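Look over the model shown here before reading on. The paragraphs that follow take its parts one by one.

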Amino acid sequence: MRTLDDLDVDGRRVLVRVDFNVPLKDGAVADDTRIRAALPTLNELRERGAALILVSHLGRPKDREPELSMRPVGERLSELLGVPVQQASGVVGDGVTQMAHQLSPGEVLLLENVRYEPGETKNDAVLAAGLAALADVYVNDAFGAAHRAHASTEGVAQRLPHAAGRLLEREVTTLNGILKNPAKPLVAVVGGAKVTDKVAVIDRFLEVADTILIGGAMCFPFFKAQGHAVGDSLCEEEGIEPAREALAKAAQTGARLELPTDLVLGDRFAADAQRKELDGVDVPAGWMGLDVGAKTANRYAEEIAKAGTVFWNGPMGAFELEPFAAGTRAVAEAVAAAPGTTVVGGGDSAAALQQFGLADQVTHLSTGGGASLELLEGKRLPGVEALS
Ligand code: ADP
Ligand code: MG
């Protein structure tokens, strides 16, 4: 993969694909984490004499909804960079090209939401060529979009000299490092709700990890496969067979696949639900498992403390509801305090770390949920492949 070290940018116009897909509230940026994450690349390019043309998607517009305009993002970016950010009213076209060609070194132009163009998600050749015409060089720093072959991630890279930005470079290097040469023992903590999205990652970790700790709603297909009652717990039917296969595979590879041994139950998914602790995992009818119990959380925390490398994806319970947040908090604190390399992926896991004020205490907080899982599964990411 080519990096910024391989690129001459002095006096050139650089098109940078960034991931500014940020949450908005009342017409302003509600969380600027992703904008901040792009700053090292943007500052380095400006210091090296480049003029910047930035392109990102924001949400999933269907018909150029003005609520999904990049305007508020440009305003926040301008504050963070400490320089004015020019804003184009479109993505490509004569007006945009003119603005791009008038840029002086150090100046910054932000294009409109690239998904305003229907050709973006189709990797349309005309759109890719239109983007390429704006600049001399292409840099991709949008790791969160790298698993999609879109015009602004893959198509344009075919048409300009290209390289990875610092953020994308760090994401790929760190995640590949977990698979190729991790400090041992390697402990993977997998939770959350999207079981079917994550079975492939569990499968991969059964080959490379020493220990896999399962929590969140992820554990119920495993319990069901083992013949336990799950009550009203969130239990994806399509996850049960893969869970059975994972248990069988663990017996072969020797990876330790650990499941909770106690749970916290609620009578419904709500902060004011009735709550009770269960020493065991057979969930009675009328109750749902909403968090791992204290014994499990302590056991998982001990494993994390002994790890050379920790990868964590997916909360241990419904952490958004205070009565069911303790398991996730214990794991988050253990990950933050762990002496080994700690890597966290997944939007909700990142939100949990932030909620507990621990986001800056991990080695690497991945900005790409889906992309990080696909990379760890061993899939090729089209946006990354295009940079080699
Ligand atoms: P990430 O975004 O980190 O990959 P997911 O999106 O897979 O994580 O899962 C996060 C969601 O899982 C949270 O909204 C949380 O409430 C939910 N969750 C975790 N454990 C449970 C559970 N036992 N029952 C219901 N929902 C759960
Ligand atoms: Mg999520």
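Which helix supplies the largest share of the lining of the second largest pocket? That share, four residues, comes from α6. This is a predicted model, in which local features need pLDDT of at least 70 and side-chain atom pairs count only at pLDDT 80 or more, while totals for chains, interfaces and linings use all residues. Residues are numbered from 1 along each chain as its sequence is written, chains are lettered from A and ligands numbered from 1 in the order in which they are written, and side-chain values use heavy atoms, with hydrogens and water left out. Helices (H or I, at least four residues) and strands (E, at least two) are DSSP runs, numbered from the N terminus.

The second largest pocket has a volume of about 230 Å³. On a 1 Å grid over the protein atoms alone, a pocket is an open set of points where a 1.4 Å probe fits, with protein on both sides within 12 Å along at least five of seven lines; lining residues have an atom within 4 Å of a point. The grid points are joined across faces, edges and corners, and the volume is the space filled by probe spheres set on them. Of the 13 lining residues, Asn176, Lys180, Leu375, Gly378 and Lys379 are the closest to the centre of this pocket. At least two residues of the lining come from each of α6 (166–180), α7 and α14 (382–385). By class, the lining has six nonpolar, two polar and five charged residues; Ala, Val, Leu, Ile, Met, Phe, Trp, Tyr, Cys and Pro count as nonpolar, Asp, Glu, Lys and Arg as charged, and the others, Gly among them, as polar.

In the loop between α6 and β9 (186–190) lies Pro185. The peptide bond that leads from Lys184 to Pro185 is cis, with omega near -5°. Most peptide bonds are trans.

Strand β9 belongs to an open sheet of six strands, in the order β11-β10-β9-β15-β16-β17, with parallel pairing. Two strands pair if DSSP finds at least two bridges between them. The edge strands, β11 (256–258) and β17 (364–365), each pair on one side only. Between β9 and β15 (residues 309–313) there are five bridges, and Val190 stands opposite Asn313 in β15. Helix α7 packs on this sheet and touches β9, β10 (211–214) and β15, where contact means heavy atoms within 4.5 Å.

Helix α7 (residues 195–208) also packs with helix α9 (residues 240–253), at an angle of about 5° and with the axes 9 Å apart. Axes are lines fitted to C-alpha atoms, for helices over the stretch in contact, and angles run from 0 to 180 degrees between N-to-C directions. The two helices, α7 and α9, are therefore roughly parallel to each other (angles under 35 degrees count as such). Among the residues that meet are Val199 and Ile202 in α7, and Pro242 and Ala246 in α9.

A second open sheet has three strands in the order β13-β12-β14, with antiparallel pairing. Its edge strands are β13 (275–278) and β14 (288–292). Four bridges join β12 (residues 263–266) to β13, and Val264 stands opposite Glu277 in β13.

Methods. Angles under 35 degrees count as roughly parallel, over 145 as roughly antiparallel, 65 to 115 as roughly perpendicular and the rest as oblique.
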